[in-house]
Amino acid sequence: MKIFLRSLRQIVSRPVYWAAMFIMPLFCILLLTTLMKEGLPMKVPSAMVDKDGSSISRELTLNLGAMQLVDLTDECNSYTEARKLVQEGKIYGFFMIPENFERDLLAGKSPVVTFYTNMTFYVPASLAFKTFKTTALVSKVGIIVQVAELAGISGEQAMSVLQPISFDGRPIGNPSMNYAIYLCNSFLPCILQLMIFLVTCFSLGQEIKYGRSRRLMEMADGSILKALFFKLLPETIIWWTMILFIESWLYGWQGYPMHGSWFWLTMSELMYVPACQGMALILFGITPNLRLSLSLSALLGIICFSIAAFSFPEQSMYPGISIFSWLLPSRYNFLIYIDQALNGRDLFFSRWWYVAYIVYMLLPLLFVRRIKNAFMRPVYVP
């Protein structure tokens with residue numbers, strides 16, 4: 001209990017703990033959920049270049065302007081003018097209708113409409129491209145139907161030829177295609193994992209840096225397991241409080257979908273914290289040095305956003321890279337979230353991910369002797 005109170009006093013008295021354990025996680029929670037509250041970027045600034053000025057081209061412009069994802073903020077007279085707006089960052093793409101568009105269309109020719117997007121900004125440009133393509137295809141079908149009706153063919157007959165098979169898309173788990181539902185539930189635990197790595201290595205490294213590690217071992221009667229347990233227990237309680245707040249914020253206040261078991265999802269979050277602390281102990285055991293352990297924690301914590309397969313599927317990675325996606329706890333937290341919250345699957349399909357948590361909790365036992373030696377003979381290397 002003395003070690004517990006000592007650790008608690010250190011947390012309360014050091015501003016760095018407040019910043020890492022409260023301010024930074026809360027800032028990220030509010031930033032991500034506020035930034036993505038619409039679920040999907042709406043009204044991407046775009047432009048129209050209408051070189052024809054006919055009734056059909058104006059109708060095409062009206063149809064594009066009515067689309068939800070695109071906002072036609074500019075009407076340009078030339079390709080050069082529209083390209084300049086893209087280069088200045090004022091628009092993310094533009095749709096260009098060629099000259100004599102209506103005349104060629106009614107003459108049975110195949111006029112070409114062109115659309116350009118600035119893929120430097122991937123998400124808004126992709127949405128603009130999708131809208132441009134949809135508008136072009138829908139307009140093409142509509143015009144063909146009109147021409148067919150003028151030739152005496154009914155609209156139903158024309159549609160049966162143009163679209164013999166109808167598609168009815170039903171996205172599973174996230175039917176609204178909400179980016180926030182997917183990204184916030186993966187990025188926030190990953191951010192918390194990074195902070196757990198850093199705080200754990202910092203709190204242990206500080207004992208060595210200031211020569212307090214021997215006193216810590218005396219208070220623990222020479223038991224490294226007792227010293228680590230009570231040293232990290234206050235941090236564990238704080239991290240538990242924080243991750244349960246994240247769960248309440250996302251699924252309660254934000255109304256994110258929850259199709260599975262609340263119990264097992266909550267159990268995943270509670271096991272996730274000591275699993276991350278276990279991984280941090282492994283990192284500190286490998287390099288029982290404040291500077292090196294913090295650097296290693298920061299490196300792994302940052303690249304986890306890429307290799308944990310949040311934004312790029314693990315199945316599509318090179319085999320030599322995909323192996324690393326399974327080395328950090330956030331990957332298993334993400335898989336449990338997909339199974340329990342989005343898909344509502346039975347626990348049987350997630351059982352191995354919970355086992356992975358337990359493995360992370362037990363693996364530090366292989367490094368406790370190395371940590372004990374570093375505590376008993378503290379040598380600070382700046």
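Rings of Phe, Tyr and Trp (its six-membered ring) pair if their centres lie within 6.5 Å; planes under 30 degrees apart count as stacked, over 60 as edge-to-face and the rest as tilted. By this criterion, the structure holds 24 aromatic pairs. The model is predicted, so local features need pLDDT of at least 70 and side-chain atom pairs count only at pLDDT 80 or more, while totals for chains, interfaces and linings use all residues. Residues are numbered from 1 along each chain as its sequence is written, and side-chain values use heavy atoms, with hydrogens and water left out.

**Stacked pair**
- The rings of Phe94 and Tyr116 are stacked, because their centres are 4.8 Å apart and their planes stand at 25°.
- Phe94 belongs to strand 3 (residues 93-97) and Tyr116 to strand 4 (residues 114-117), so the pair links parts of the chain 22 residues apart (strands are DSSP runs of E, at least two residues, and helices of H or I, at least four, numbered from the N terminus).
- Phe94 is buried at 2% relative accessible area, whereas Tyr116 is partly exposed at 32% (buried means under 20%, exposed over 50% and partly exposed in between, with a 1.4 Å probe and protein chains only).

**Edge-to-face pair**
- Tyr251 and Trp262 form an edge-to-face pair, with ring centres 5.8 Å apart and planes at 85°.
- This pair ties together helix 10 (residues 224-253), which holds Tyr251, and helix 11 (residues 262-286), which holds Trp262; the parts are 11 residues apart in sequence.
- Tyr251 is buried at 8% relative accessibility, and Trp262 is partly exposed at 44%.

**Ring cluster**
- Phe263, Trp264, Tyr272, Tyr354 and Tyr357 are linked into a cluster by ring pairs.
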